[in-house]
Amino acid sequence: RSGHNQEWRVSPNSMCVLGVMASHAMFADGREPARIEFNQDLRVDFSGKKKKGAMQLEPRTTICSVECTDGSTFSVYSGLRCKLMELNDGLAGPAANKLTPEGYLAILQANVAQLAQLRRLAAPGN
């Protein structure tokens with residue numbers, strides 16, 4: 001949606017760091033994040049080099065809801081088909097004022113096809 005700008009910082013090993021951009025609506029008009037509630041259905045439980053048992057996410061999977069100081073609420077979605085590696089639990093609850101555009105909400109491992117799509121979208125001229 002317009003104004004709900006998210007970003008995925010991609011590393012060479014296909015890990016993606018999910019965050020929100022400074023242009024996201026939650027930072028507009030003097031708003032500030034006041035509380036973050038992570039999706040209770042998400043679990044970080046895997047083992048081994050291939051991350052066996054990692055939770056599979058779809059593009060519309062809600063990672064968290066962010067309540068702002070003015071009472072407005074925004075949802076943050078995974079945005080791609082991936083595996084959940086980590087949630088930034090340090091932001092949960094009233095610690096949301098630590099959420100900045102430089103911070104992160106989750107670490108995801110994208111599949112090859114999703115990475116190719118992200119790279120095409122990020123290419124100059126797109």
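Which residues lie on one side of β8, and which on the other? The points below take up this strand and then a separate topic, the open sheet.

1. This is a predicted model, in which local features need pLDDT of at least 70 and side-chain atom pairs count only at pLDDT 80 or more, while totals for chains, interfaces and linings use all residues. Residues are numbered from 1 along each chain as its sequence is written, and side-chain values use heavy atoms, with hydrogens and water left out.

2. Strand β8 covers residues 106–110; strands (E, at least two residues) are DSSP runs, numbered from the N terminus. A106, L108 and A110 lie on one side of β8, and I107 and Q109 on the other. Both faces are covered, and these residues are all buried, that is, under 20% relative accessible area with a 1.4 Å probe, protein chains only. In a regular strand, side chains alternate between the two faces of the sheet.

3. Strand β8 pairs with β2 (residues 15–20) in the antiparallel sense over four bridges; two strands pair if DSSP finds at least two bridges between them. Within this pairing, L18 has A106 as its bridge partner.

4. Strand β7 (residues 82–87) also runs antiparallel to β8, joined to it by five bridges. Here E86 is partnered by I107.

5. An open sheet is formed by three strands in the order β3-β5-β6, with antiparallel pairing. Its edge strands, β3 (33–38) and β6 (73–77), each pair on one side only. From one strand to the next, the twist averages 25°, where axes are lines fitted to C-alpha atoms and angles run from 0 to 180 degrees between N-to-C directions.

6. Strand β5 (residues 62–68) is joined to β6 by five bridges. Opposite V66 stands F74 in β6.

Technical notes. Buried means under 20% relative accessible area, exposed over 50%, partly exposed in between (1.4 Å probe, protein chains only).
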